[in-house]
Amino acid sequence: MIIQDIQIRKENLGLKRPYTIAYKSVDHVENVVVVLTLQNAVRGWGAANPSKYVVGEDVDDTWKILTDGDRAKELLIGADIRQLGELLNRVYQAFQGHAGTLAALDIALHDAFCRSIGVPLVKWLGQAHEKMLTSVTIGIKSVAETLAEAEEYIGMGFRCLKVKLGHSWEEDVARVVKLREKWKDLLIRVDANQGYGADELLKFYQHIRHYPVELIEQPLPANAVAAYRQLPEALREKIAVDESLITPDDAYQLSLPPRAAGIFNIKLMKCGGIREALQIATIARQAGISLMWGCNDESIISISAALHTALSCPHTRYLDLDGSFDLARDVVTGGFKLQDGYLIPLLDKAGLGLEPF
């Protein structure tokens with residue numbers, strides 16, 4: 001059960017099509033991939049693609065931190081994977097404040113540990129859900145482009161869309177209205193990525209109240225916690241905080257009454273992996289806050305880790321784990337299957353259920 005080797009590499013996974021959100025456009029995707037190998041040849045996979053805009057670290061930073069001076073190898077090679085808690089402590093002490101670095105190592109350690117004992121990660125964590133619908137994301141586009149892309153996704157079996165907003169609340173209303181008029185039963189979520197002020201948000205909300213959306217993700221700036229608390233309660237309960245929620249301390253502050261939002265969007269790439277995500281989830285559960293699990297443009301590796309973790313939390317209500325669907329390639333297969341819009345973990349294999357591509 002001894003960790004014998006650690007491989008760290010940066011992979012260009014491409015992108016099937018570029019997209020735009022409130023603060024950037026994306027036309028290609030890189031991930032850092034970590035592979036731990038035990039003496040018995042068992043391997044654990046980890047990956048990361050953090051957002052510099054959100055956590056101050058990007059893929060290049062993660063790569064440099066992990067390969068500079070072989071710190072990760074010095075911490076972990078020769079250690080016993082059965083001492084998972086101690087190894088996670090070592091990693092978090094060494095790389096505190098570096099979310100992508102922590103996430104890649106945390107995921108690889110959890111995968112290697114669960115593979116070594118022959119158990120799927122979600123079973124070791126304690127499975128609370130068998131499967132769950134995921135949304136798939138449409139970037140900021142014209143009404144016609146939005147409808148065309150929605151039709152494409154619905155034809156692929158998706159039953160829930162997340163629509164990016166934030167450039168113009170009037171145009172955003174038009175997109176939601178047209179989607180709802182065309183598909184009465186479609187589940188719709190929206191994400192403004194901090195693109196609104198409070199007045200714009202209230203105008204948007206008033207205009208779409210009769211065209212229901214499941215949730216409104218991060219409409220105001222990340223630091224506008226006081227402004228969130230001043231919103232009408234019915235609106236606050238629909239809000240999923242994302243960029244405002246990085247650490248367990250953020251979760252605690254956001255949950256203090258009157259709580260800033262009714263939904264926490266947890267991303268392994270923000271908080272630094274599975275261990276910290278579960279701490280945030282515990283705080284949310286005590287405060288009666290529902291969970292949404294989101295992602296960046298990520299390999300199947302870290303999407304699978306987020307899925308297993310999400311399905312272990314009873315108060316998970318929403319998945320937005322579409323980050324691997326638009327990649328042009330990946331380094332692994334397996335992890336989960338998509339069926340009628342539901343994400344279902346593969347439980348016939350241990351750990352995250354991954355195989356090298």
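Q: Is histidine 110 buried or exposed?
A: Keep in mind that this is a predicted model, where local features need pLDDT of at least 70, side-chain atom pairs count only at pLDDT 80 or more, and totals for chains, interfaces and linings use all residues. Residues are numbered from 1 along each chain as its sequence is written, and side-chain values use heavy atoms, with hydrogens and water left out. Buried means under 20% relative accessible area, exposed over 50%, and partly exposed in between (1.4 Å probe, protein chains only). Histidine 110 has a relative accessible area of 4%, so it counts as buried.

Q: Which backbone oxygen does the side chain of histidine 110 reach?
A: Histidine 110 sits in helix 5 (residues 99–117); helices (H or I, at least four residues) and strands (E, at least two) are DSSP runs, numbered from the N terminus. A polar contact is a pair of N or O atoms within 3.5 Å; within protein, one must be able to donate a hydrogen and the other to accept it, and residues adjacent in sequence count only if both atoms are side-chain atoms. At 2.9 Å, the side chain of histidine 110 gets to the backbone oxygen of aspartate 106.

Q: Which residues does histidine 110 touch, not counting those up to four places away in sequence?
A: Contact here means heavy atoms within 4.5 Å. With that cut-off, the list for histidine 110 reads Leu84, Leu88, Leu121, Trp124, Ile274 and Arg275.

Q: How many of the five residues of strand 9 are buried?
A: Strand 9 covers residues 187–191. It is largely enclosed by the rest of the structure, because the number of buried residues is four.

Q: In strand 9, what is the bridge partner of lysine 162?
A: Two strands pair if DSSP finds at least two bridges between them. Strand 8 (residues 160–164) and strand 9 run parallel, joined by five bridges. Lysine 162 has as its partner in strand 9 arginine 189.

Q: What is the phi of alanine 41, which is not a glycine?
A: Alanine 41 lies in the loop between strand 4 (30–38) and strand 5 (43–48). Its relative accessibility is 56%, so alanine 41 counts as exposed. Its phi is positive, at about 75°.
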